[in-house]
Amino acid sequence: MAFGRRNRPSLVGTAARTAVVVGTATAASNAVNASAANKQAAAQQAAEQQQLAQQAQMLPVPVPAPAVAPAPAAPAVEDLLSKLERLAALHASGALSDEEFAAVKASIIG
C-alpha cells in the first residue's frame, strides 16, 4: 500500500487535464488573434478606400475640347474640281464628244 498517493490524481490524469487546459487556451488565443487580424484587415481596406476617394476628388475634371466642325464645303469643291478635271481630260483625249462633254458637265455642276 502506498501511503501518500490516496487522494492525489494519477500522473496520466494530470497530464490529460493539462492537455485539455492547454488546448482550450490555444483555441481561445487563436480565435482572439483571428478576430484581431480580421478587424485590422477591414480597417486597412477602409483606409485604402478612403485614400482612393480623396485622390479621386483631387484629380482635375477633364474639360472636353470644343468640337471643331470640318468645313464641308472644301471637300465638295475639291471633289467637283477633280470630276471636272477628269471630264476635261476625257474630252481632250477625244473619248467624249462636245455634246457628251457639255451634258456630263451640266450634270456635275448641277
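The following legends describe close-up views of a predicted model of a single chain.

**View 1. Overall architecture of the predicted chain.** The secondary structure consists of three helices and zero strands, and the elements follow the pattern α-α-α along the sequence. Of the 110 residues of the chain, 3% count as buried. The accessible surface amounts to about 9500 Å², and carbon and sulfur atoms contribute 65% of that surface.

**View 2. Confidence of the prediction.** The chain has a mean pLDDT of 79, with 86% of its residues at 70 or more. Among the elements of the chain, helix 3 has the highest mean pLDDT, at 87, whereas helix 2 has the lowest, at 81.

**View 3. The salt bridge between Asp79 and Lys83.** The count of salt bridges in the model comes to one. Asp79 pairs with Lys83 in a salt bridge in which the closest N and O atoms are 3.7 Å apart. In general, side chains of opposite charge can pair when their charged atoms come close. Both Asp79 and Lys83 belong to helix 2, which covers residues 73-93. They are separated by four residues, about one turn of the helix. Asp79 is partly exposed, with a relative accessible area of 37%, and Lys83 is likewise partly exposed, at 36%.

**View 4. Helix 3 and the residue that follows.** Helix 3 comprises twelve residues, 98-109. The distance from its first C-alpha to its last is 16 Å, close to the 16 Å expected at 1.5 Å a residue. Helix 3 is followed by Gly110, and the phi of Gly110 is positive, near 60°.

**View 5. Surroundings of Ile108.** Ile108 is a residue of helix 3. With a relative accessibility of 24%, Ile108 counts as partly exposed. When residues up to four places away in sequence are not counted, Ile108 touches Leu80, Lys83, Leu84 and Leu87. The C-alpha atoms of Ile108 and Leu84 are 7.7 Å apart in space, although the two residues are 24 residues apart in sequence.

**View 6. Surroundings of Phe101.** Phe101 also lies in helix 3. Leaving aside neighbours within four places in sequence, Phe101 is in contact with Leu87, Ala88, His91 and Leu96. Phe101 and Leu90 are eleven residues apart in sequence, and their C-alpha atoms are 8.5 Å apart in space.

Conventions. Residues numbered from 1 in each chain as written. Predicted model: local features only at pLDDT ≥ 70, side-chain atom pairs only at ≥ 80, totals over all residues. Heavy atoms only, no water. Helix = DSSP H or I, 4+ residues; strand = E, 2+ residues; numbered from the N terminus. Buried < 20%, exposed > 50% of the residue type's maximum accessible area, 1.4 Å probe, protein only. Areas by Shrake-Rupley, 256 points an atom, 1.4 Å probe, with all protein chains shown as cover. Expected span 1.5 Å × (residues − 1). Salt bridge = Lys/Arg side-chain N within 4 Å of Asp/Glu carboxyl O. Contact = heavy atoms within 4.5 Å. pLDDT = per-residue confidence, 0-100.
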